[in-house]
Amino acid sequence: TFAGAAGNGAASDFKGGRGGDGGAAWGGNLYNAKSTAVTNCTFFDGGATGGTNGLGGAALVAGSNGRRGASRGGNVANGNGSFLLKNSLIAFALPGTNGYGAFSDQGYNLSSDRSIRLKGAGSMTNTDPRIGLLGRNGGPTETIPLFSDSPAIDAGDPVNRFAADQRGVPRPYGARGDIGAYEFGLTLLPPVITSQPQPQTAQTG
């Protein structure tokens, strides 16, 4: 007879205790705990990686390993608040799915997978957005451009939208504004130096 009781992961003389579970990860790009409203934004390439699991204790019979933490929304996640989405593009989370939790679809959103329930006017799910990589496309910050065959082009709200994209390009450039933070059709080139400073000689006195 083997003595000793095992409870709550404690090890006995016979069997090792169970390893602890890893913590869950929420919202790789944006996590909402109370109230968030998102308009004309692009969420791309976010990831939510749950914490590692603990190993089972060593004994005559090894304890079982714990579970890895859950991945809850590689791009966006809503905890227990209000999360409004409008004119926004959510794509290609890694690891995890695009979204986790309940979202209020205000229309004209695009998700590359089915993890976010989009039922508003003009919204699309499980749709390839046909976008490029984050880079310098003009403006003060890096942006994610739309390819010429992107379904996000001219697919935004025909009335309610921001007046300019993330770079400062006026909207709409085409028939309607585009979904996301980038307005297709106008390329902003880097500034060009047209004149060089002239040498100066400091005078004493």
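Me: Helices (H or I, at least four residues) and strands (E, at least two) are DSSP runs, numbered from the N terminus. How many helices and strands are there in the protein?

Reply: This is a predicted model. Read along the sequence, the pattern is β-β-β-β-β-β-β-β-β-β-β. The count is zero helices and eleven strands.

Me: What share of the residues of the protein counts as buried?

Reply: Buried means under 20% relative accessible area. The protein has 205 residues, and the share of them that counts as buried is 37%.

Me: In what order do the strands of the open sheet with S3, S7 and S10 stand?

Reply: Strand S3 covers 35-39 and strand S10 covers 104-105. Each of these two has a single partner strand, so both stand at the edges. The pairing is parallel, and the order is S3-S7-S10.

Me: Over how many bridges do S3 and S7 pair?

Reply: Strand S7 runs over residues 82-86. S3 and S7 pair in the parallel sense, and the number of bridges is five.

Me: Is Asn109 buried or exposed?

Reply: Asn109 lies in the loop between S10 and strand S11 (110-111). Its relative accessibility is 0%. The cut-off for buried is under 20%. Asn109 therefore counts as buried.

Me: Which side chain makes a polar contact with the side chain of Asn109?

Reply: Asn109 touches several residues, among them Leu85, Lys86, Leu118 and Ile179. Its side chain reaches the backbone nitrogen of Ser88 at 2.9 Å. The side-chain partner, at 2.6 Å, is Asp105.

Me: Where is the place of Asn32, and what is its relative accessible area?

Reply: Asn32 sits in strand S2 (residues 30-32). Away from its sequence neighbours, Asn32 is in contact with residues including Ala77, Gly79 and Phe83. Asn32 is buried, and its relative accessible area is 2%.

Me: How far is a polar atom of the side chain of Asn32 from the backbone nitrogen of Ser35?

Reply: The side chain of Asn32 makes a polar contact with the side chain of Thr36, at 2.8 Å. A polar atom of the Asn32 side chain also lies by the backbone nitrogen of Ser35, at 3.0 Å.

Me: How many residues apart in sequence are the parts that Lys86 and Asp157 tie together?

Reply: The side chains of Lys86 and Asp157 meet in a salt bridge, 2.7 Å from N to O. Lys86 lies in strand S7 and Asp157 in the segment after S11, so the pair ties together parts whose separation in residues is 71.

Me: Are Lys86 and Asp157 buried or exposed?

Reply: The structure holds four salt bridges, and the pair Lys86 and Asp157 is one of them. Lys86 and Asp157 are both buried.

Me: Which side chain meets that of Arg167 in a salt bridge?

Reply: Both residues of this pair are buried. The N to O distance is 2.9 Å, and the partner is Asp165.

Me: Does Phe14 count as buried, partly exposed or exposed, and which residues make a nonpolar surface patch with it?

Reply: Phe14 is found in the segment before strand S1 (25-26). At 33% relative accessibility, Phe14 counts as partly exposed. The patch is about 260 Å², and the residues that make it with Phe14 are Leu60 and Val61.

Conventions: Residues numbered from 1 in each chain as written. Predicted model: local features only at pLDDT ≥ 70, side-chain atom pairs only at ≥ 80, totals over all residues. Heavy atoms only, no water. Patch = residues over 30% accessible without salt bridge, like charges linked within 9 Å, V, L, I, M, F, W, Y side chains within 5 Å. Areas by Shrake-Rupley, 256 points an atom, 1.4 Å probe, with all protein chains shown as cover. Buried < 20%, exposed > 50% of the residue type's maximum accessible area, 1.4 Å probe, protein only. Pairing = 2+ DSSP bridges. Polar contact = N/O pair within 3.5 Å; in protein donor to acceptor, adjacent residues only side chain to side chain. Contact = heavy atoms within 4.5 Å. Lists of a residue's contacts leave out its neighbours within four places in sequence.
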